[in-house]
Each structure stands twice: as structure tokens, then as C-alpha cells.
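Visitor: I would like to take a close look at a single part of this structure, and to understand how that part is put together. Could you take me through it slowly?

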Amino acid sequence: MIEYNQKIREIAARLLKEGKVDMVIGFRKGTMPMMNEPCFIKKPEQANLLVWDSHCGINLANYLYDRKEKIGVVAKGCDSRNIVTHIVENKIRREQVYIIGVPCTGMADKRRIALLTQKDGEIREVSEEKGRITVKGDKFNKIFEKGEVLQDNCSTCLHRNPVIHDEMVAEPVPEQTGIDPFKDVRETEKLPPEEKRVFFKNLVADCIRCYACRNACPLCYCPTCFVDEARPQWVGKSVDPTDTMTFHFLRAYHCAGRCTDCGACERACPVGIRVRQFTKKLNKDCLELFNWKAGLTLDERPPLDTYKPQDPNDFIR
Amino acid sequence: MKWIKIEKKDFNRGLSALAKAYRLLGPVKKEKAHAFEALNEGQTPDFDFFNTHLSPKFLVQPQSEILFEYSLDEGKEDHHILKEIQKDLLPRLVVGIRPCDAAALLLVRRNFDASKYRDPFWVGAYESLTLFGLACGAPCATCFCTTAGGGPFNEAGLDALLVDAGDYFLVRPITEKGEGALKTAGWENAVDEKTALDIVTLLKTAAESRITSTVETDHLKNQSTVALYDAPFWEDVSFSCINCGTCTYVCPTCWCFDIQDECFGYSGVRMRNWDSCMYPLFTLHGSGHNPRGTKLHRVRQRFMHKLKYYVDKYDDGIQCVGCGRCIQSCPVNIDIRKVCKLMNSHPDPSTVCPV
């Protein structure tokens, strides 16, 4: 994956030099192990700042809209699907973005790695080569196969290659097959109502209502989120469990049929809430009811903002 | 300087004695990370921890705190009166708070316990606390307390300092409150000062040498506020910010809150909740105008407050104790050390050729 670095830099420098774009949005090396920071460059000589490795989990589609510039953006599979969603929802025009497609083999789960090395001490350094991630601390050195430490959403990802692009940095990678992304949802669905309630209650028990999940999500672009509305105020602002659950449930429903399972919400959560347990259920419903996966085509709107005569309607008979 | 020795095997006995006079709180290992919590009877705090995800500021300023209540039920004697909630201010003792977190409470006190304004809720909760600090032997890569006015063995804001010396703790009483609590615990085995100090100095030097991360703050005070405000780096600094409030919520020195009324039927409460300068709503005027309408404004405000306005107002360093939580928890890796460097080294525009 690191091999992409040079290619991304070349493309970015060329696009800026030729004036094809005003800025390129990508990642620069972070100040902590397993963290890279979204950034923009506007000059070709800054292209060397751009990096790519298994720690580029933030969804860059979140940085594209409400800007005037012509933007080059580095996009992995899920980012590209969210760009499609933005275009379909008129958040950005297709011709305003130049998509530098990155075939992705998944992003590393920094929490999982930290947990696996917890006993050894703090991780001070991370490197990556040929599908292996090496973490170093003061007194230890551990090597992980990347496949073992992927973010949960990446391990069940079925669209690793960008679905839309203007240029690719490499040949597409093989897509994963024989994977059931909804295994955990099926388990939850089987629970009796009371246990389900407890499951969700425990799921959000640690929530501090910082809204990092919402703000990291490319879908959450409402000018004023329903939890921030003051007239009328829909939701209380304390950490009352009912208010917290209301936030999580409603946010998930607002994402129904639009979520690409990019994992930005879980990655951003400072207290490790498995936010995707909400959104995945709705992704599953959309797939089963409407044969729909978000962000795969520019020609169709998400099922929940369209009407078709053949839509399933058994529930009102 | 008095030092007391506590054999680790006697530690729990002391805690049990303390539990009769105080409610004990301390770091506890949870499923995902350590957190400060009430200790149950016989429960030992787990001192094998890096900084907790959330700082213990919530012990004094809970995320949601009910201040007043009322009832409109005319059947009740005191209907239509907004009454102050009677707070439970029984003595609490925190065992194992980090020196950075204790220093942070002292710093925040400036805001809530000022000569002109005194916040009875905050002050009451703060004064009910006795703080037994644990000298920090496990600084993280993101810790920079030594250049933020503190240090892993810093005593500011503590009532007593515990130093883990292997099989035993060395404890130094710092305040009368601390001294009293040590007596209650039955920890009174004073040891030779020089020997104790030698051991502690050695451990302290070792801990300090493990802190490799720093901030430079020497020029902040002399920098022009306007020049920093107008500095060109804010667009780059704020670009990646998603305006979640994580940095401010995990920060032990962020003190902002929002007052909310919540009612249900004929009764209701007035509460305060943590607020964050990262949120657009934080400064939204009734007119609809927002003086900090973009994320650049908001990110700049957070850093200007901590690293410039506070520095100018109190002339006692930055509004940060160097715990590194904001760096660790930021989902997009915005790093206060980097921003501090940019601000500290920003060239004075009056000395720069405009061409």
C-alpha cells in the first residue's frame, strides 16, 4: 500500500501544476503512531507531504462539500461511494472533483492493536511492509498480519476498489468474497425485545455526547442537526440515557440507505462505542427490502427518498 | 520534609480505615480502559494505568449537573419556587489521581473560585475532595507536563503525594487535609527524610527523563494577539477538524458549560452540561448571527484561549497541564504541541518585510 505514496504524489503534483485542480485533499503523516491527518495542498511542491498507508481511515468525502475550489481527492472504496452519495444528493458536482482512486486492502484498527499490545506497554512506533504491520514500544516489538488487525468494517468490506474515479494509483485489488457483513446484526435481530433494549442501552452507555460519530460521518451534513435545534428543542442535552439513545437511533435512521459502512463513526468515537451496530441494521434492511447498497451508482437516488410503484408495501395491507 | 512509608501489604488496611471517614474514589480497570470511579468496600484502586480517557474533572464538574428544581403543583407547599438542590458534599478522597489532573483542578479553580464570582456548586464539590496523588511513573508519548508548568511528581493541587517505590509507597503529606487523612488511614510510619528523598529523587529523575515530548511557550506572552489571530496557519490547522467536542470533553482544563431547563409535566429542573467551543451552537446569537460561524473561528478560539488569552490574563503559563488527552483522542490528529509551536514561533509582523 505504501507503494501508492509515490504515485499519489506524482498525480497530485501534476494536477496542481497543470491547473486541473486548485487543491488536493489527502493525508499527511500524523504526530502519533497509527494516525494520519487529513490535509490539503495547493502547490505542486507540497505533494511530498501526502502519504498513504493503513492508517488513513478518515473518510475524505467529509471534506469536499461547501467549497468553491476544484478539488482533487484521494479516495479509497468507501470514500468513493460517499462521493457518489454527495453527487446524487447535490452536495457537490461531479465536475468539481477529480477523484484519485486508491485500491484499498483495509485500514488498521488502532484500538485493536493497542489492546493486543496493552500488556507490553505503549506503542511508540509503527511501520508497515508487505501486508505486515510492525509495532514497537520501549520494550517490545510485535508483528501483525494486516488481515488480523483490520477495522471491523474493512474486514467485511465488499467494495475495496473505488466505484468512481478519474485516475487510479494502481490496478484494482481483488474484492473479498464469501463474507457475510451482517452476521452480528442477525444475532441482534434474534434477541427478544427486552434483551434487545438492554443490548442497545449498554451499547451507548459510555456515550459522552461529543458527536464525534456524527461529525466524522460524511452523511451528516445538515446545517443544524436535530440535536442542536433549539426551537423547538427535540432532544435533551444532558447524558440522560433516553436522550442519548434518541440521538443514536435517529442519527442512524437519517443515514438509512445512505451509509456505506466506511467506519468513520466508530473510528472517531473517543470512548469506543460500536456505532455501526445501528447503521448496519439499516444497511441490511435496505439490501433486503430494496436490493440497495449506498453509493454504487450515480443514476439512482437512495430508496428512502424515492417512490416506486413496485416498492414493498405489505405492511399497510 | 516529612516522608511516610507504607508497605504495600498494609495498603488495603489503610484504605479500609479511610473508607470509614471518606467515600473513596480511584482508578479502576474497566472493559475498555481505566476510569476514575467510586471504590467499593475492599476494592483496591488499580495503579497500573496510563492516563484515563476522561479526566477526573467530572468529580467536581459532572458532565450533567442538576442545580435547581421546581414544581408547579399547587398542592405542594413550595410550588412555583425555584429551589437549589441540596448537594451531597460529604468528604471524598481520591487515591491515585495523577499530578497533571490535580494541577488541572487548581487551574480550573481560577474560573470558579475567583474573588468577584464564586460558583458554589463547583467550590463545594472541590472542597469536599481530598486528593492523594500518585507520582506518575508511566508517562505516555503524548505527555508534556514538564514543559506545561508541571511534572510527573508535581505536588500542586494535591493533599498528599504517593510515590511507588517497589514493595512500598513513600508518601508526603502536603496539606493539613492530607496529613489528617494519612492519620485516619493509620499511615504514620515516618522515615528518614534524606533516605526517602534520595529514593524519590531517583524515581523522579527517571520519570522526567521518560517525558520526551515538549511545548515551547516562552514567546506566547509577547506575541501580538492580533497577529496570532490573523496568522495564516489557521486554515491549515483547522482543515482536518470535524468540530466534534472530543478535545474539550477529555480536557481536564476545559470548563465551559451550558445551562438548560428540562421540564416534565408539572415539575422541572435547571441543569448545567458540559459545553464546547467546538460547537457552532456555543456562540450562536438569538438573532441567528454567529460570531464564530466557521470551524476555523472555533479551532482558533480553542487554541487562542488556552495558549494566548489565558496566558495574558493570568500571567502564569498556559491553560493546559500537558496530559496529552486531546492529542490521543482527536479523531483527526490535531496536535496542540504542533499548534503551540506555530503560535510561539509566529514571526512578529512588525519585524517582517511586507513584500
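Guide: What follows begins with the chain as a whole and then turns to one pair of packed helices. Please keep in mind that this is a predicted model. Chain B contains eleven helices and twelve strands, and its radius of gyration is 23 Å, close to the 20 Å that the globule rule gives for 355 residues, so the chain is as compact as a globular protein of that length. The C-alpha trace of chain B spans about 70 × 65 × 40 Å along its principal axes, and 50% of the 355 residues count as buried. Among the contacts in chain B with a separation of 6 or more, 73% are between residues 24 or more positions apart.

Now to the pair itself. Two packed helices are described by the angle between their axes and by the distance between those axes. In chain B, helix α2, which covers residues 99-112, packs against helix α3, which covers residues 120-127, at an angle of about 150°, and their axes are 10 Å apart. Because angles over 145 degrees count as roughly antiparallel, α2(B) is roughly antiparallel to α3(B). The crossing of these two helices, α2(B) and α3(B), is left-handed.

On the side of α2(B), the residues that take part are Leu105(B), Leu106(B), Val108(B), Arg109(B) and Phe112(B), and in α3(B) they meet Trp122(B), Val123(B), Tyr126(B) and Glu127(B). Sorted by kind, the residues of this contact comprise seven nonpolar and two charged ones, with no polar residue.

Technical notes: Residues numbered from 1 in each chain as written. Chains lettered and ligands numbered in written order. Predicted model: local features only at pLDDT ≥ 70, side-chain atom pairs only at ≥ 80, totals over all residues. Heavy atoms only, no water. Axes fitted to C-alpha atoms, helices over the stretch in contact; angles between N-to-C directions. Helix = DSSP H or I, 4+ residues; strand = E, 2+ residues; numbered from the N terminus. Parallel < 35°, antiparallel > 145°, perpendicular 65-115°, else oblique. Left-handed = near helix turned anticlockwise from the far one by under 90°. Contact = heavy atoms within 4.5 Å. Nonpolar A, V, L, I, M, F, W, Y, C, P; charged D, E, K, R; others polar. Rg over C-alpha atoms; globule rule 2.2 N^0.38 Å. Buried < 20%, exposed > 50% of the residue type's maximum accessible area, 1.4 Å probe, protein only.
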